[in-house]
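Keep the coordinates open and follow along.

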Amino acid sequence: MSEPQEISRPRSLPTVIYSHLVGHHKVYVRICYHPDTKEPFEVWMDVEHNDACEAAYLEALTRSINLGLRCGIPAEKFISQLQGIKCVPEPSPEHKRYIYSPADYLALSLKKFIQESNGTSTSNTDNGSQK
């Protein structure tokens with residue numbers, strides 16, 4: 001099997017930030033996209049008031065996703081794997097769709113980013129605020 005070719009990282013990347021309350025913590029998802037292709041190139045997550053272990057798990061998750069994105073794995077593959085992962089028993093009451101975990105929110109943010117990039121975003125897919 002041949003080794004995947006990793007796309008080199010541009011010096012700077014445009015970024016979109018989404019944020020949402022997941023359980024009792026505010027979660028921030030930063031999606032950096034390639035300026036030429038407009039495809040997601042890197043994702044990063046921050047959770048307010050998380051402990052060192054949770055931060056390490058989220059960093060490991062996003063580093064793994066970033067490697068996959070840079071090697072040409074479509075974001076949709078990550079969305080399908082992450083969407084629906086649960087750790088929060090209660091839904092977020094201010095939104096139409098339950099947000100079950102930071103991983104679930106990452107999947108929803110990627111999905112929203114792709115929809116917005118394609119001009120197909122609808123109000124029923126709202127999953128946070130864009131900054």
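Lys-112 has a relative accessibility of 8%, so it counts as buried. This is a predicted model. The partner of Lys-112 in a salt bridge is Glu-116, with the closest N and O atoms 3.9 Å apart. The cut-off is 4 Å, so the pair qualifies. Both residues sit in helix α3, four residues apart, or about one turn of the helix. Glu-116 is partly exposed, at 29% relative accessibility.

Now take the helix itself. Helix α3 covers residues 102-118. Of its 17 residues, 13 are buried, so the helix is mostly covered, counting as buried any residue under 20% relative accessible area.

Next, the strands. Strand β2 spans residues 25-33, and it pairs with β3 in the antiparallel sense over seven bridges. Strand β3 runs over residues 40-47 and is mostly covered, with six of its eight residues buried. Six residues lie between the strands of this hairpin, where Lys-38 takes a positive phi near 65°. Across the pairing, Tyr-28 stands opposite Asp-46.

Asp-46 also has a charged partner. Arg-30 forms a salt bridge with Asp-46, and their closest N and O atoms are 2.6 Å apart. The pair links distant parts of the chain, with Arg-30 in β2 and Asp-46 in β3, 16 residues apart. Arg-30 is partly exposed at 28% relative accessible area. Asp-46 is partly exposed too, at 36%.

The side chains of Glu-42 and Arg-70 meet in a salt bridge, 2.7 Å from N to O. This pair also links distant parts of the chain: Glu-42 is in strand β3, Arg-70 is in helix α1 (residues 52-70), and 28 residues separate them. Glu-42 is buried, at 3% relative accessible area. Arg-70 is buried as well, at 16%. Glu-42 and Arg-70 belong to a network of salt bridges that also links Glu-6 and Arg-9. Over the whole structure, the search finds six salt bridges.

Last, the cysteines. How many disulfides does a search of the whole structure find? The count is zero. Cys-71 is partly exposed, at 24% relative accessibility. Cys-87 is exposed, with a relative accessible area of 54%.

Note on methods
Residues are numbered from 1 along each chain as its sequence is written. This is a predicted model: local features need pLDDT of at least 70, side-chain atom pairs count only at pLDDT 80 or more; totals for chains, interfaces and linings use all residues. Side-chain values use heavy atoms; hydrogens and water are left out. A disulfide is a pair of cysteine sulfur atoms within 2.5 Å. Buried means under 20% relative accessible area, exposed over 50%, partly exposed in between (1.4 Å probe, protein chains only). Helices (H or I, at least four residues) and strands (E, at least two) are DSSP runs, numbered from the N terminus. The expected span of a helix is 1.5 Å times one less than its number of residues. Two strands pair if DSSP finds at least two bridges between them.
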